[in-house]
Amino acid sequence: MCNLHIMIDLLDRLLGPFARLMVARGVQFPELAERLKAHYVEAAKGMSDGKMTDSRLSVLTGLQRRDIARLRALPAPEPRTHHLARLLALWQNEPAFAGRDLPKNGPAPSFEALAKIVRKDIHPRTMLDTLAAAGAVSIDDETQQVSLLQSSYQPLSGSEDQLAYLTQNLGDHFDAATDNVLGQDPPHFERAVHYSALTKDHVATLKADYDAGQMALLKRLSARAAEMKKDAMKLPPENRTVRFRAGGYFYETQDDET
């Protein structure tokens, strides 16, 4: 069992920014507590061998049996996909589009045709307007050509898309870190570099170096994964059940130790 002080420090570090986000987005504590109860039940079920009774789950989680029975009956949340991120990936990696400027409308290769490959239930104009607002594409009013400006979709600050990215990126990172702490073999790759007592100019130089290297690596991975996806689609569904996410972050703040 871990030292209680270590776990309290962990909770404070993780829940501090999480609480800021929840309050800012209007999620009140009772709603958070309800979701936390549900995840306690799922965690206890996943980490225990054999059939789990409500009584056993109550012992492991500290929740009352009536809460556990109610929570076990709730349906699993629907996964959310990022159609705009997929659109930009196809634009860059499919030979028919290959990152070129595209006519806004018309048969392939056009932005309209590309958008319909990704989602048929969302109008291409809606996707185009969202990408333009985010600075990912530009539209020439005279020629009606659409140009790709960014290699990845960066949602607008505070938008639902940005929150969805936060959910998936932070969730996968936290899952990887948790697996490592619990001793999964082989471990996930998880590394970081950290220094204190630097100047703003020092950190700005390091950040520029990091951003360029990270973007080059992600572009290379995306291109290779796109080619592998084509090969995988030739196989039966049961042979292509694995997904991956690779990412990184660069965080700077005032040094509390100086």
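Biologist: What should I keep in mind about the numbering and the model?

Modeller: Residues are numbered from 1 along each chain as its sequence is written. The model is predicted, so local features need pLDDT of at least 70 and side-chain atom pairs count only at pLDDT 80 or more, while totals for chains, interfaces and linings use all residues; side-chain values use heavy atoms, with hydrogens and water left out.

Biologist: How many helices and strands does the protein have?

Modeller: Helices (H or I, at least four residues) and strands (E, at least two) are DSSP runs, numbered from the N terminus. Here there are nine helices and three strands, in the sequence pattern α-α-α-α-α-β-α-α-β-β-α-α.

Biologist: What does the radius of gyration say about the protein?

Modeller: The radius of gyration is taken over C-alpha atoms, and the globule rule is 2.2 Å times the number of residues to the power 0.38. The protein comes to 23 Å, well over the 18 Å that the rule gives for 258 residues, so it is more spread out than a compact globule.

Biologist: Which order do the strands of the sheet have?

Modeller: Two strands pair if DSSP finds at least two bridges between them. In this open sheet the order is β1-β3-β2, with antiparallel pairing. Strands β1 (102-103) and β2 (137-139) are at the edges with a single partner each, so one side of each has no neighbour in the sheet. Three bridges join β2 to β3 (residues 145-148), and Ile 139 stands opposite Val 146 in β3.

Biologist: Which residues have the most contacts inside the largest nonpolar core?

Modeller: A nonpolar core is a set of buried Ala, Val, Leu, Ile, Met, Phe, Trp, Tyr and Cys residues joined through side-chain atoms within 4.5 Å. Buried means under 20% relative accessible area, exposed over 50%, partly exposed in between (1.4 Å probe, protein chains only). The largest core has 21 residues, and Leu 87, Trp 91, Phe 111 and Leu 131 have the most contacts inside it. Helix α5 gives the most to this core, with five residues. Another core, of eight residues, lies apart from it and includes Leu 57 and Ile 68.

Biologist: Is Ser 58 buried or exposed?

Modeller: Ser 58, in helix α3 (residues 54-61), is buried, with a relative accessible area of 19%. Contact means heavy atoms within 4.5 Å. Leaving aside neighbours within four places in sequence, Ser 58 is in contact with Leu 63, Gln 64, Arg 65 and Ile 68.
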